[in-house]
Structure formats: structure tokens, C-alpha cells
Amino acid sequence: MEALEYASSIALPDNRVAVCGDWHGNVGWARMLSRALPALAPDVTTMLHLGDWWMPPAEIDQIFAETAITRIYVTNGNHEPWNEITPLLDRHPGSAVRVSNIVWLLPRPARLSIGGRRVLSLGGAVSVDRQSRIEGRTWWPDEAITDEHVAEAIDGGPADLMLTHESPAGTPVRPVREVLRTNPHRFPKAALVESAASRVRVSEVWDAVRPELLVHGHLHAPGGGKTDDGRRIASLGRDAQEGNLGFLDMRTLKMATPNLRIIRGLADRWEDDYLERERREKSVAQTMDSWAVDGLSPSPGALRDARDYIDGRRSLDELIEDVRRRHTRQPEAQSQDDSEGTP
């Protein structure tokens, strides 16, 4: 992973953003979302990711190239390549680092302004599954939220929106409470104790900066809830799970999460449409290549013309005229005859 740019302050004008929970390096899921996004939210250009990202940056650029997304800001989780991330962030403390055309990794903590709203990002969490991982290869102690992170986040003052990977303690989100109560994956007690301490650290910041809304991932338990004092929490699902993608209105801090079935349906339709479009483009381009308009030969721009025709941007008559005027050349013999006859 390479640092392409650093930014000490981030101020975005967006009134609506996409928010995503854990992806766990699932390129296929990222591709599915990218196919659904143009239909779901063609106006959204910024995505906020809540950690357990671990995606190949260059491939993400390619996957989202046909969407409106121009930047993804990642609040790092626990399942990340911290051996690569920490050195990049340590070179410019407090700055976000761009690692691809559109992907930015946020420091801990990070302060942003989005649509005039004050946003606090506090990444990290405890890996309760680390007994099945290898330190230095698939797990790193750097994942943990430290007392220093907490103190710096609080020193930054109030926030309207808080982005975390970890849940705060005492959450009002019922599905999260149920996961914590039942421990369905039978994680060891020592790991659960450390996880609880991690949630307490998030709560310290949450209680100090008092955002209207806190959004997190990590627990793979999509749902929402409100505290007695009116603060709201949204827990997002993991890759291929209900509630992984949300659209957040920065003016109201209300979030809508499209149904998983709708996302899959739009992605399937995109693939069907893409294959059909590709077939039609190829057919039209081959037809154009076979034309002989007044003995002129078409240029390699035939495929581009085919796309314009398929998309309805130009009529067939307009294309024929364009092929004649701009995308053709005269046969060699005729060019020589013309030049010999020129006084």
C-alpha cells in the first residue's frame, strides 16, 4: 500500500452520502453495490466506510469507475492490514492518507465537515476471533482503540455525527444487545472482556461529544435505536447482509437502507443490461465496419459511434454523416489522383 496524498483537513459539500458497514475484502460484494448505486443514488459522490475494509485499492477504483462515487473515506476496523496502515498514518499524524484514486484511510481520530455537519471518525476495535488468527499476518495489536485516541477525540469538541467500527457500550440497538448477550460464535471469555472494554472507550467519546447520530459496523447486527436522551445509533450489517448499505441525509441525519433483495435485483439487471448492451454495440460496430460510403473506409471510431447510437445520443442519419465527415479517409489512389490534379 502506498501513500499518494495526505490531507490534514477534509470539508465536503455533500448533502447526501452513502454509508457502508464491513466488507471484509469482498470484491464481489463491492461490485454488486457499484452496479446498484447508479439506480439507487445517482447523485451520491461520497461513501463513508465503517471498517473491516481490507480491499485492494486499485481494484476498487476500477469497480466504482462507472458510478458517481469519487471518494471513499474509510474509518478503519479491526480486520485491516495494520502493518501497512499504521506506518502510513504515522508519517503525517492526524492526516488522512489517499491510497488510490478514490480511497482515503482516516486517522484515529479524524474530524471532517460534510454538508456543514461536524463529523468525528474513531476507528478500531478488538478482534474477538484472534485466537484463530496469526499475529503479524492476520491480526495486529494496532487494531485497539487506545486511551490516547479517546482523549484526542474528546478534546476535539462536540460532533453532529460519529463514525465508528465498534459499538458503544449500553447500546439501545436490540440486535446488537442480543449478539452480545448470546455470544452465538462462542468466543472465549478473555476476548469478550477486552471487547467490552473497547466499547466502553467508544462510549466515553460518545458521551462527551454527544452526536445526534452514531453509525457503526463490526457486530454484523443491522438495526437502530434511540437512547433516553434522544441520541440515535445505527448498526450496519456486513457484506452480503441486510442493512450493509445506507444513504445518509446530512441535513437531517436520517438514514435509509435499501432492501438486500432490491440491491441484488438491480445488480442482476445491470449485468443483464450490460451483456445485452455489449452484444448490441458489437453488432452495430460490425455493421458500421462493413459500410462503404462513397468508397471511404471507416476509422476505428466505429465502436464509439455504436455506443452513441445504442444510447440514443445520435440518430443513424447523424452517424452516417459523421462517418462521412470525420471518421473516414479517402482511398489512397483517389487521394493521389486529387493531389495530381491540384494546381
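Ser121 sits in strand S9, residues 117–122 (strands are DSSP E runs of at least two residues, helices H or I runs of at least four, both numbered from the N terminus). This is a predicted model: local features need pLDDT of at least 70, side-chain atom pairs count only at pLDDT 80 or more, and totals for chains, interfaces and linings use all residues. Residues are numbered from 1 along each chain as its sequence is written, and side-chain values use heavy atoms, without hydrogens or water.

Ser121 is buried, at 0% relative accessible area (buried means under 20%, with a 1.4 Å probe and protein chains only). Its side chain makes a polar contact with the side chain of Thr75, at 2.7 Å (a pair of N or O atoms within 3.5 Å, one able to donate a hydrogen and the other to accept it). Beyond neighbours within four places in sequence, the contacts of Ser121 include Thr75, Leu106, Pro107 and Leu163 (contact means heavy atoms within 4.5 Å).

Now the whole protein. It has 10 helices and 17 strands. Of its 343 residues, 48% count as buried. Among contacts with a separation of 6 or more, 74% join residues 24 or more positions apart.

Turn to the lining of the largest pocket. By class, it has 8 nonpolar, 9 polar and 7 charged residues (Ala, Val, Leu, Ile, Met, Phe, Trp, Tyr, Cys and Pro are nonpolar; Asp, Glu, Lys and Arg are charged; the others, Gly among them, are polar). Helix H6 gives the most to this lining, with 3 residues.

Definitions and conventions:
Buried < 20%, exposed > 50% of the residue type's maximum accessible area, 1.4 Å probe, protein only.
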